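Here is a short briefing on one protein model. It covers the metal site, the sheet and the nonpolar cores.

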Amino acid sequence: MATLHYHGHSTVSITTQDGTRIVVDPFFNGNPAADMKLEAVEADWVFCTHGHGDHFADAIPLVKRTGATLVSTFEIVQFAMSKGVETAHPMHIGGGFDFPFGRVQMTPALHGGQVEGDDGRWTTVPGGFVIHVDGHRVYHAGDTALIMDMQLLKGRVDVALLPIGDNFTMGPDEAVRAVEMIEPKVVIPIHFNTWPLIEQDGAAFARKVGARAHVQVMSSGDDYAL
Ligand code: NI
Ligand code: MN
C-alpha cells in the first residue's frame, strides 16, 4: 500500500506501492517542525506548490543531490533551471500530466508565491496538486485562502491536505468550509504549529469537521497508510 509520511509544516512524502518516493514542498533544514535533515531525504519526484521558502527552500539542493525531477509551475521550474537544476517538469494551473506513477493535476490557490535568489526576487503564481497514486486521490492544497474553485474538486479527492494555520492561509473555520465543498473521505491538517503566528489546535479542528470527514491529525514523523 502507499504511505504518506508527514515531515511537519506542509512537507509530506508519499511512497507508492512500487517504492517511488514523492516529496511535496520540501522544507527541512529551516523547519522547526521537521523530523529529519535534508541530507537524509531521498526522492524520485519533488513537487512544489509555490515559491515561498517554507515550501521551496530545499527543493533545489534536494533535486540536485538525488537526481529527482522537480515538478512545479513553469516559472518556478525556469527559476530552478537558472540555478543549475537539470531534471524538471514544468506544468501549470489547471493542467494535468500522466507521470509514471500516476496522474497529477495542478489546482488554483489564492496566495503569494515569491521566489528568491541571490540575484533578485520574482513573483510566481501559487497552486496545489491532486496526485493520483495507487488508486488514491491526494489533494495538497498548498497555501491558499478558501476559494470557490474548491467546489470543482467535489467528489474527486480521497485525502485532502488543507492548511489550517490562519494568518497566512485558511484558518480552521475556512478549512471546515473547504471540507464541505470538497467532501473528501480523509482530511489531514497542515501548515500549523510551526511558528507562534500559525498556532492551532488540531484536535479542536477535528471536532469542528465532525462527521463530515475523518480527520487524521499527524505529528511530524507520523506515517498514514493510504
Ligand atoms: Ni506561502
Ligand atoms: Mn507557507
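The points below are grouped by topic, and they describe a predicted model.

**Metal site**
- Four protein residues donate to the manganese ion (ligand 2): D54 (OD), H55 (NE2), D143 (OD) and H191 (NE2).
- These donor atoms lie 2.1 to 2.2 Å from the manganese ion.
- Along the chain, the donors of the manganese ion follow the spacing D-H-x87-D-x47-H.
- D54 counts as buried because its relative accessibility is 14%, and the cut-off is under 20%.
- H55 is also buried, with a relative accessibility of 0%.

**Sheet**
- Seven strands form an open sheet in the order β7-β8-β11-β12-β13-β14-β15.
- The pairing in this sheet is mixed.
- β7 and β15 (214-215) are the edge strands, and each pairs on one side only.
- Helix α4 (residues 172-182) packs on the sheet and touches β12 (136-140), β13 and β14.
- The direction of helix α4 makes about 155° with that of β13.

**Strand pairs around β8**
- β7 (residues 96-99) and β8 (residues 102-108) run antiparallel and are joined by four bridges.
- Two residues link β7 to β8 in a hairpin.
- D98 has R103 in β8 as its bridge partner.
- β8 also pairs with β11, in the antiparallel sense, over five bridges.
- Within β11, F129 is the residue that stands opposite M106.
- In a regular strand, side chains alternate between the two faces of the sheet.

**Nonpolar cores**
- The largest nonpolar core holds 27 residues.
- L4, F47, F101, I188 and L226 have the most contacts inside this core.
- Elements giving two or more residues to the core include β1 (3-8), β2 (11-15), β3 (21-24) and β4 (45-47).
- Also among them are β8, β11 (127-133), β13 (159-163) and β14 (186-190).
- L226 touches M1, A2, L4, I14, V133, H136, V138 and V159, leaving aside residues up to four places away in sequence.
- Another core, of 23 residues, lies apart from the largest one.
- Among the residues of this other core are V187, F205, V209 and A213.

How values were computed. Residues are numbered from 1 along each chain as its sequence is written. Chains are lettered from A and ligands numbered from 1 in the order in which they are written. This is a predicted model: local features need pLDDT of at least 70, side-chain atom pairs count only at pLDDT 80 or more; totals for chains, interfaces and linings use all residues. Side-chain values use heavy atoms; hydrogens and water are left out. Donors are N, O and S atoms within 2.8 Å of the metal (3.2 Å for Na, K and Ca); water is not among the atoms, so sites may look incomplete. Buried means under 20% relative accessible area, exposed over 50%, partly exposed in between (1.4 Å probe, protein chains only). Two strands pair if DSSP finds at least two bridges between them. A nonpolar core is a set of buried Ala, Val, Leu, Ile, Met, Phe, Trp, Tyr and Cys residues joined through side-chain atoms within 4.5 Å. Contact means heavy atoms within 4.5 Å. Axes are lines fitted to C-alpha atoms, for helices over the stretch in contact, and angles run from 0 to 180 degrees between N-to-C directions.
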